[in-house]
Amino acid sequence: MIWDILFRALVVGVCISILLSLISYFVVVRKMTFAGVGIAHSAFGGIALNFLLGFAGYLLPITFSVLASLLIAFMYKKGKMSEDSAIDVIFVFSMAFGVFVLSLSDGYSTNMLGILFGNILSVTRYDMVLSISVFVVGFLFILYYFSHFQIMSYNEELAYISGIKVDRLYYLFWVVLSVVIVLSIKLIGIILVNAFLVLPTLVGLNLSKGYKGIVAFGVLSSILSIAAGISVAYYMDTPAGATIVLAFVVIWLFSIAYNKIRI
Amino acid sequence: MITVKNLTVKIDNKVILDDISMNIKKGEFVGILGPNGAGKTTLIKTILGLIKPTSGLVYIDNMELDDYMKKKGFYIGYLPQHAIVNWSMPVRVVDAVLIEKVRPFGLFRRYSKEELESVEYWLDMFGVKDKMYSYIRELSGGQQQRVSLARCMIHNPEILILDEPNTAIDVVYNTKMYELLKGLASEKMITIIMVSHDIGAVTKYVDEIMCLNVKLHCHSKTDDVNISTVFKEVYGEDMEIVVHGDGCKNCAINKAEK
């Protein structure tokens, strides 16, 4: 039984960590880290609504999160307010809405803790199958469009002149990000998932100067932190989400040390 | 080559460009001058299709812009303002020069021998061949700008549109760059539109000058322009042209600065 739980957590963790570390590269180079925080927190409203209505599955949280992220993206594109301000408004609305809705449902504290910090026991076989499916689609999507996103990060005007459908890809990127974040919440939680949007690329930047190395080290460090975090959580009986993130921070510190020694 | 007909651009109900019409021939080197906020960047972005005009049309090779882009794609080399490029990207100069050659699954791409030779050639032309495998964030602003010029040329464009290409480039290389651009226009018949605040260089190297301040105040051969009169109209300042023996035959100095 426990091995089943650990296996499911490991599979879900590896799938989402690879996707998030690929996304992390563009989030960091485009200086959009706050966007990750905003989207992760905007999923809170949808998950809380799920509890209140007694629904299972991901349809409502993903719909809620995707709509919120598209709204952030739209407000930013229109240039009516800065991206940070747009994210902030959606983020606080969704958190307030989530707390309000959760307070109306039974098991307020338990549900709240699970959403915010993850709960490894709640990862089901269905979550595993869904994570693998999203991983396959998301992985192919990001790799297929990698050089498209690369030029968009370099200069969007050049991307447009190169014939890239800039707006379409921009919105799709946010959709993929919000779906992956919702899927990762059970294992890692809303608060801690942001680590996977920043740390992979920060580790990569410490170990490599070029984008291929940064992406490769980002993916490897993410997988390592998932494996190490779940193992330590099992032997020390600690919360998996928090332990995974702590393992990632330790890897990041090692990468800083390596960078200093190398220089 | 490039025809603009009755082009008007309004942003938030503010008129940025007012009824601009012009015709630029193949192989012409055109300099656009005007004060800050005159609409110079808006004009080139509208020609490139980055900004939709409120009214009017842009034709390239007798085709509407969209049709030209679909048919020819990379035949326009564009150098945006230095400040709006993400120079902190972890890419090498060779990657930056080839960044517009977008491929599916580009993370795993390897450059062909022809691509690398072409990059080397254009980096050499712009004097930064030795930086081919350096990271762009490690270059000076002037070197980054030269890398951008090499990127513009890598697709053998028919049209070059340059927004303040001399930003951060030192005085010595500035002259070389203008001479190179003039050579590209006359020898390779590349049509060049260049926005610049470098009045001296523009009046010396370009074939035609366009003076813009929301409206197009003049568009004529460099030698035919009464620069003092036009600049007074466009910049709103009394200008005096001082002609030197060598180097800059038409440089303008603001009286107030004398």
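Helices here are DSSP runs of H or I with at least four residues, strands are runs of E with at least two, and both are numbered from the N terminus. Hello everyone, and a quick word on the ground rules. This is a predicted model, where local features need pLDDT of at least 70 and side-chain atom pairs count only at pLDDT 80 or more, while totals for chains, interfaces and linings use all residues. Residues are numbered from 1 along each chain as its sequence is written, chains are lettered from A and ligands numbered from 1 in the order in which they are written, and side-chain values use heavy atoms, with hydrogens and water left out.

A patch takes residues with over 30% relative accessible area and no salt bridge, joining like charges within 9 Å and nonpolar side chains (Val, Leu, Ile, Met, Phe, Trp, Tyr) within 5 Å. The areas come from the Shrake-Rupley method with a 1.4 Å probe, and for residues only the protein chains shown count as cover. This patch covers about 680 Å² and is built from A:Ile2, A:Trp3, A:Val232, A:Tyr234, A:Tyr235 and A:Met236. Which helix gives the largest share of the patch? That is α12(A), with four residues. One residue of α12 in chain A is A:Tyr235, and A:Tyr235 is exposed at a relative accessible area of 67%. For the record, exposed means over 50%, buried means under 20%, and partly exposed lies in between.

Now to the partner chain. Chains A and B bury about 2900 Å² between them, 64% of it on carbon and sulfur atoms; buried area is the accessible area (1.4 Å probe) that two parts lose on being put together, summed over both. On the chain A side, A:Tyr154, A:Ile161 and A:Lys209 lose the most area to chain B, together 28% of what that side buries. The contact (heavy atoms within 4.5 Å) takes 27 residues from chain A and 39 residues from chain B.

How many salt bridges cross this interface? The rule, a side-chain nitrogen of Lys or Arg within 4 Å of a carboxyl oxygen of Asp or Glu, finds two between chain A and chain B. A:Glu157 and B:Lys45 meet in a salt bridge, N to O at 2.6 Å. As for the elements involved, α1, α6 (125-144), α7 (146-154), α8 (156-161) and α12 of chain A each supply at least two residues of the side that touches chain B. The largest share of that side, seven residues, comes from α7(A).

Let me step inside chain A. A:Ile142 sits in helix α6 and is buried, at 2% relative accessible area. Leaving out residues up to four places away in sequence, A:Ile142 touches A:Leu19, A:Leu22, A:Ile23 and A:Val176. A:Asn50, in helix α2 (residues 33-53) of chain A, is also buried, at 7%.

One last pair in chain A: A:Arg30 and A:Glu156 form a salt bridge at 2.7 Å, N to O. A:Arg30 lies in the loop between α1 and α2 and A:Glu156 in helix α8, so the pair ties together parts that are 126 residues apart in sequence. A:Arg30 is partly exposed at 22%, and A:Glu156 is partly exposed at 23%.

Key
Buried means under 20% relative accessible area, exposed over 50%, partly exposed in between (1.4 Å probe, protein chains only).
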